[in-house]
Amino acid sequence: MPQVLLVDDDPESLGWLSEFIRAEGYTVDTVDSLRTARIHLTRSRPDVILTDLMLPDGQGIELLNEFPAGDAPEVVVITGHASVESAIEALRAGATDYLVKPVDVERLRSILSRVPKAEHFRQEIGELRNELLKLGRFGHILGNSPVMRRLYDQLARVAPTSASVLLVGDSGTGKEVVAQTIHELSRRKRYPFLPLNCGAVSPQLVESELFGHEKGSFTGADRQHQGFFERANRGTLFLDEVTEMRLELQVKLLRVLETGSFMRVGTNEPLATDVRLIAATNRSPEKAVEEGRLREDLYHRLNVFPIHLPPLRERGTDIELLAQHFLAELNEQEHVSKRFSPEAIAALYAHSWPGNVRELKNYVHRAFILADEVIDVDLAPESFLQPTHSPVLTIRIGTPLEEVNRRVMEATLLECGNVKRKAAEILGISLKTLYNRLNAYSTDKGDGELEGLGDDGGEDFDNIPKSFDSGMPGERAGEAVLPADPRTKSL
């Protein structure tokens, strides 16, 4: 039977809580201080520690220090109404959940039903880490760049807990996908995951969508309606663009988070709910608080575990990984085998992607429809060739300097739309030097000497072959960005 260690200095609480926990099918050991709890932990390791936050000789959350990092059992803290903020701090410190006195037995029962599964979720997260190393995938999320690996570490740490999460990132960075991944790595995965975009629903209807309504509570309410908090019970509710929610509704949301109960529109009868909340915004939440768009108390309640989602332009070779993934999905759906040209891949890296992953997916779909067999650079929007930021060129450590020079030169030419005089200015070399080096690279490839360039590098440009006026030799643009490799650095 799963073991529970109950830590509380109140004999009455110890009595009824231990009786209830045994009735739920657990064995229970009780202690009344940090000292006796530490002594007990030297003899036995419980599956869950249920502890009062404030004990005579310290705080119950200190018991997490008795275990190696990442190897602690589940710790649930119990706190009074006046200490909700302390409970939030406990969640940040590593507690998996908290209860407010007087303890709601249904919420306690729900917490206990999830606790014995902890080892299962640690194993599942370990399997996801192995999948990441092999395929560059973590749950529903695709990406293998350093910034994404840091994100995956955060998700692995917070998912098994019940802490509220605030996702902050530009539009199109995949906030809902991240929220769903958190849900599916949590103990709530068997229960609903419900997303609600607060900015896409009429302000008059958001309250009804969240809390439900009774028949006849307003014009058009011809039947009882269960809201998201009711339908997502024991699961996860994802509130996107939470800063778009009306302030008076934010007050009601805060009350639900603090009390675990709500009321349908048109009734005064409270209903209990056990929902994990994940909120998201593409605004700076701190700025939203300053502007009066987000209540400060709600912000602190949501911001238990903040996660920043990186924009696509900061994800390096994930751009190509995602593009190839989206193309592979379309090829499988349509039973074809279209591919990107090297020049098209290089153009992907040159674009700033203000719409992030959503924009990339839409571009791949559009280019797929327009292309016959090869998605070439001419199918890219004009903005791809006129980026608003300086693109990143990734070079493998140990690449010969001559090869580095060639790739930098070719990538710069592509960046400049193959205008050689402009490329020479950016590179800080003369036009003569640029043509001499291009001539040498062409010779190395077996393309023959360039005509019209004398020994002195004179600019007899009228006789330069058309291949150099129309663009770079076929495969060189694609070589400007190398595949992802843990040994690479960005230049």
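**Exercise 1.** Locate Asp-9 in this predicted model and decide whether Asp-9 is buried, partly exposed or exposed.

*Solution.* 
Step 1. Strand 1 covers 3-7 and helix 1 covers 11-23; Asp-9 sits in the loop between them.
Step 2. The relative accessibility of Asp-9 is 37%.
Step 3. Buried means under 20% and exposed means over 50%, with partly exposed in between. Asp-9 therefore counts as partly exposed, at 37%.

**Exercise 2.** Which residues form a negative surface patch with Asp-9?

*Solution.* 
The patch is made up of Asp-9 together with Asp-10, Glu-12, Asp-32 and Asp-57.

**Exercise 3.** Classify the ring pair of Phe-211 and Phe-262, and state where the two residues lie.

*Solution.* 
Step 1. The whole structure holds six aromatic pairs. One of them joins Phe-211 and Phe-262, with 6.3 Å centre to centre and 25 degrees between the planes.
Step 2. Planes under 30 degrees apart count as stacked, so the pair of Phe-211 and Phe-262 is stacked.
Step 3. Phe-211 belongs to helix 8 (residues 203-211) and Phe-262 to strand 13 (residues 261-263); the pair links distant parts of the chain, 51 residues apart.
Step 4. Phe-211 and Phe-262 are both buried.

How values were computed
Residues are numbered from 1 along each chain as its sequence is written. This is a predicted model: local features need pLDDT of at least 70, side-chain atom pairs count only at pLDDT 80 or more; totals for chains, interfaces and linings use all residues. Side-chain values use heavy atoms; hydrogens and water are left out. Patches are made of residues with over 30% relative accessible area and no salt bridge: like charges are joined within 9 Å, nonpolar side chains (Val, Leu, Ile, Met, Phe, Trp, Tyr) within 5 Å. Accessible areas come from the Shrake-Rupley method with a 1.4 Å probe; for residues, only the protein chains shown count as cover. A salt bridge is a side-chain nitrogen of Lys or Arg within 4 Å of a carboxyl oxygen of Asp or Glu. Lys and Arg count as positive and Asp and Glu as negative; His and the chain ends are not counted. The place of a charge is taken as NZ of Lys, CZ of Arg, CG of Asp or CD of Glu. Helices (H or I, at least four residues) and strands (E, at least two) are DSSP runs, numbered from the N terminus. Buried means under 20% relative accessible area, exposed over 50%, partly exposed in between (1.4 Å probe, protein chains only). Rings of Phe, Tyr and Trp (its six-membered ring) pair if their centres lie within 6.5 Å; planes under 30 degrees apart count as stacked, over 60 as edge-to-face and the rest as tilted.
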